[in-house]
Amino acid sequence: MIQAVNVSKAYGDIQVLKGISLRIDKGEVVSIVGASGAGKSTLLHIIGLLDRPDGGEVIIDDNNLANMSDKDLSSFRNKHIGFVFQFHHLLPEFTALENVCIPGWIGKRNDNEVKEQAKELLDYLGLKERFNHKPSQLSGGEQQRVAVARALINHPKVVLADEPSGNLDSDNARELHELFFRLRKEFYQTFVIVTHNEELAKLADREVIIRDGRLY
Amino acid sequence: MNTAWFITRKIALSHQPNFSRFIIRVAVAAIALSITVMIIAGSLVSGFQIEISTKIFGFWGHVRIYDYNSTIGFQDKAVSIHQKFYPDIEKMPGVKHIQVYANKPGIIKTKNEIESIVVRGFGNDFDTSFLSKCMQSGKTFQAGDTSYPRKILISNSTATRLNLKTGDDIIIYFVEQPPRVRKFKIAGIYKTGLEEFDKLYALTDIADIQQLNNWSADSVSGFEIFIDDVKNISAMGKKINENYIGQNLVAQTMKEINPNIFDWLELQNINEYVILILMTIVAIINMATALLILILERTNMIGILKTQGATNSFIRRIFIYHAGIIVFQGIVIGNIIGLGLSYLQSRYGIIRLAEESYYVKVAPVHFDPLFIAAVNIGVLVVCLIVLLIPSYLVSKVSPVKAIHFR
Ligand SMILES: Nc1ncnc2c1ncn2[C@@H]1O[C@H](COP(=O)(O)OP(=O)(O)OP(=O)(O)O)[C@@H](O)[C@H]1O
Ligand SMILES: [Mg+2]
């Protein structure tokens, strides 16, 4: 479903990715591990169309994204890719519900439909009582779950998570990991998760390791 | 739903980062200041232009018909009052009134002083409404009065220089071969404030001028026409010329007869334009700075929205809306202050002018709703259009970098 073909990326003299090929199938949970600075985030950004590779290409469902304009990439990202980062990156001025809705609204979806779905999602993630809370009024675990709900609102083909539990204590981290697998089981949701958490990496269907700019 | 507007509203109403808040206040103040200055400048300039031209037109009418061989300061050529336009031109749309006049140059002599003057005769069709408002003492009178000595109105400036007051008698010498002398009684003293005119003219019954000129009662120097709307003055002048004028007669507008004073009034527009342009630049510079800072302080938000698939133009719209809110606030405040100050000036006359140089004692104010609307809409539109340029900064924000920082 998602394919990175011979992707390379350099920052100045540093060749971060040296021809990486990776294939992710629908419903798979793939973990990416590697030392700090190995290029995990870089790869995730390229798969998530936030960055363009220097060489190689990313193909999602037969769409070759190399030739797309920035505008089309934005639209594609909006519809098909959800992100979860180490920091929740919720917008502080907006409630949990609004934060979840925004990607839906950006995609010009029907307001009520988006709101209903956002509520269902938050409910599903155990945040029923938190709809109208601002991010600052939420715990770290709750913030991260709102971020997950936001990533899911447009039914993306894939959720790309970059150290999603990196800022959580072990209980919250475990809860989040279980959530990912529950979502996979119940909704067949695809995940690509960059992590330093070995427990999570082992739970994944597949674990790929980046070292010296290559996958192992 | 307009999502960009929704986001703008939220962030504009929320607690802004400190520096943004400060910059937004500066920008609102700058817009308010610009609008205030523009409104005051515009109201003062047009007030000034209208006040002075009202005086000129009130005293002299808008269009004058006379024999083109007549020259001010010398003996006018006689014109018959039996013209097809007199008084029928009053039926022409846009014409308010027509009246006759006759001029005669003379010299006023008192014990110690002599002063050259033009005595202006008015007929019984004379509209005294403007002159009545200019009377400093005494009052206007009707043509056809037979009292002796003959009545005359002199200006405040003539009265001051010759040390005369209402009720005094004066002797005026008229240049003829041989010279003729007439005694007049000062029935009143007027002041239009238009010094150049005031010091030259005295007013009396046209019959005296006709008699001094050896003219019949059917002869005058010319006609003064008052029109309804000064905006049409040139068109009316042209129309009157085309439709009614022949032989030695010419119809000229006051603008043509006194180009200097009207050019000088026109010149005030340049001052106004300079102020408008400067103030617009002030507004734009402040807004551009404010917008750049708003964007820089929100790179994180921009990055997050980009990861969610927001396009550059969507995010730029957020900031342009935000700028719009700032401009709008500035405009509202600027209107309140600008109109408020202008009102205080019109009510209490705080700003005073030297009447000798400016023809008015108190700087007059004229509110033109169209002008004020144009200033407001102009500032809003110009600012927002110019702000499209700095808003491109949004597309320089890389989502990857924005997300990295926290
Ligand atoms: N915008 C950038 N400009 C220059 N160098 C960069 C940039 N982004 C990343 N790098 C470099 O590329 C390399 C890979 O970075 P990346 O963030 O992908 O590592 P990572 O595997 O995610 O590391 P970590 O586990 O610490 O998050 C690093 O050496 C980093 O310094
Ligand atoms: Mg990383």
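Start at the ligand: one oxygen atom of ligand 1 sits 2.6 Å from an N or O atom in the side chain of K40(A). S41(A) puts a polar side-chain atom 2.7 Å from an oxygen atom of ligand 1. Taken alone, ligand 1 exposes 630 Å², and the protein buries 67% of that (Shrake-Rupley areas, 1.4 Å probe). This is a predicted model, where local features need pLDDT of at least 70, side-chain atom pairs count only at pLDDT 80 or more, and totals for chains, interfaces and linings use all residues. Residues are numbered from 1 along each chain as its sequence is written, chains are lettered from A and ligands numbered from 1 in the order written, and side-chain values use heavy atoms, leaving out hydrogens and water.

Ligand 1 has 13 residues around it (a heavy atom within 4 Å), and they come from chains A and B, so the site is shared between chains. Helix α1 (residues 40–47) of chain A gives the most to that shell, with 3 residues. Helices here are DSSP runs of H or I with at least four residues, strands are E runs of at least two, and both are numbered from the N terminus.

Now for the sheet. Chain A has an open, mixed one with 6 strands in the order β6-β7-β8-β3-β9-β10, where pairing takes at least two DSSP bridges. β6 (81–84) and β10 (214–215) of chain A stand at the edges with a single partner each, so one side of each lacks a neighbour in the sheet. Further in, β3 (residues 29–34) and β9 (residues 206–211) of chain A pair in the parallel sense over 5 bridges.

Key: Polar contact = N/O pair within 3.5 Å; in protein donor to acceptor, adjacent residues only side chain to side chain.
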